[in-house]
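The sequence and structure are shown below for reference.

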Amino acid sequence: MRGMWRLAFVTTREPDEEALAELAGEAAALAVYVQEEDADGDPVRWRVELFLPVYPDPERWRGRSEALFGADAVEPPLVTSFLPEEDWVKRATALRGPVRVGRLLVRAPGSMEPVEPGTVVIELEAGLAFGSGEHESTRGCLLALDWLARRRLPERVLDLGTGSGILAIAAAKVWPEARMLAVDEDPVAVEVARANVVHNGVATRVEVRHAAGYRNVYVRRRAPFDLVLANILADPLIAMARDLARHLAPGGHAVLSGLLERQAEAVVEAHRRAGLREVQRIRLDNWTTLILRRPRNRPDRRRRSGALARAAA
């Protein structure tokens with residue numbers, strides 16, 4: 001049976017974004033939820049739930065949670081349970097409603113709510129793949145797309161780590177003439193993204209492939225790209241900075257997300273060394289989305305002057 005594992009525990013210390021991000025990164029969590037529990041007495045408690053692709057060993061993660069939140073703060077026991085696959089976006093939107101980001105509206109399939117003229121509608125079933133538009137990193141990318149849509153007309157777009165396919169679909173709807181390549185190393189995400197691409201009517205312009213990183217043959221053959229979208233994590237973004245620069249066309253843009261505010265400078269610096277420049281920064285809570293640009297190639301003035309001098313002679 002397909003599905004995911006849930007690891008849950010209660011802490012008397014309010015979880016901060018950095019500790020949660022570290023725990024989620026180590027566990028390769030698909031999603032993390034934190035909820036303050038209703039209680040009349042003290043101390044206040046918070047319930048933390050991590051949704052994972054593989055079975056989590058409770059003893060191992062008890063040690064890590066105690067190291068991050070304090071041994072005296074994590075209450076026993078850590079609970080694990082298996083959740084069969086279901087439509088997570090439908091469940092989330094039933095509780096919170098559709099997600100609006102600028103002109104973009106993300107909602108569950110079958111929604112009948114009327115929309116304002118000019119709204120770009122994305123209907124999404126995330127299943128077991130990351131990307132429903134609710135997390136700050138995804139919303140930051142959607143805001144970046146909305147910002148770029150008023151300034152650029154890219155022809156070739158790469159969505160690296162596509163998850164549910166939300167960013168590739170959004171780009172396809174914002175730029176009807178562009179062609180998208182969406183890749184993910186998770187075969188489940190690839191299956192989910194392909195289904196979402198078909199449902200949103202953009203399958204003729206969005207190609208979804210099972211691939212990891214820039215060195216895959218599908219990515220190499222279609223480079224250079226006018227726009228690269230990468231909503232992953234800070235460490236892989238830093239490690240792949242030079243690969244990004246090599247696959248980005250002169251004058252092209254990159255939207256990078258999945259990083260905490262404290263990690264932004266290191267990501268910017270790695271890409272600055274690779275020849276890219278920051279043009280915009282979007283902050284949502286403790287999460288940051290970066291818009292970078294590769295400058296257009298400019299002729300070397302000294303070399304050009306020398307050539308002119310030789311021609312004149």
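## Pairing of strands S11 and S12

In this predicted model, Ala230 has Leu256 of strand S12 as its bridge partner. Strand S11, which covers residues 225–231, is joined to S12 by 6 bridges, and the two strands run parallel. In general, strands of a sheet pair through backbone hydrogen bonds, in either a parallel or an antiparallel manner.

## The sheet as a whole

S11 and S12 belong to an open sheet of 7 strands, arranged in the order S10-S9-S8-S11-S12-S14-S13. The pairing within this sheet is mixed. Strands S10 and S13 stand at the edges; each has a single partner strand, so one side of each is left without a neighbour in the sheet. On average, neighbouring strands of the sheet are turned by 15 degrees against each other, direction ignored.

Side chains of opposite charge can pair when their charged atoms come close. The count for this model comes to 21 salt bridges.

Glu207 takes part in a salt bridge with Arg209, with the closest N and O atoms 2.7 Å apart. The side chain of Glu207 also meets that of Arg222 in a salt bridge, at 3.0 Å from N to O. This second pair links distant parts of the chain: Glu207 lies in strand S10 (residues 206–210), Arg222 lies in helix H7 (residues 217–222), and the two are 15 residues apart.

Are these residues buried, partly exposed or exposed? Glu207 has a relative accessible area of 24%, so this residue is partly exposed. Arg209 counts as partly exposed because its relative accessibility is 27%. Arg222, at 29% relative accessibility, is likewise partly exposed.

## The salt bridge of Arg283 and Glu261

Which parts of the chain does the pair of Arg283 and Glu261 tie together? The closest N and O atoms of this salt bridge are 3.6 Å apart. Arg283 lies in strand S13 (residues 277–284), whereas Glu261 lies in the loop between strand S12 (248–260) and helix H10 (264–273), so the pair ties together parts that are 22 residues apart in sequence. Arg283 counts as partly exposed, with a relative accessibility of 47%. Glu261 also counts as partly exposed, at 39% relative accessibility.

How values were computed. Residues are numbered from 1 along each chain as its sequence is written. This is a predicted model: local features need pLDDT of at least 70, side-chain atom pairs count only at pLDDT 80 or more; totals for chains, interfaces and linings use all residues. Side-chain values use heavy atoms; hydrogens and water are left out. A salt bridge is a side-chain nitrogen of Lys or Arg within 4 Å of a carboxyl oxygen of Asp or Glu. Buried means under 20% relative accessible area, exposed over 50%, partly exposed in between (1.4 Å probe, protein chains only). Helices (H or I, at least four residues) and strands (E, at least two) are DSSP runs, numbered from the N terminus. Two strands pair if DSSP finds at least two bridges between them. Axes are lines fitted to C-alpha atoms, for helices over the stretch in contact, and angles run from 0 to 180 degrees between N-to-C directions.
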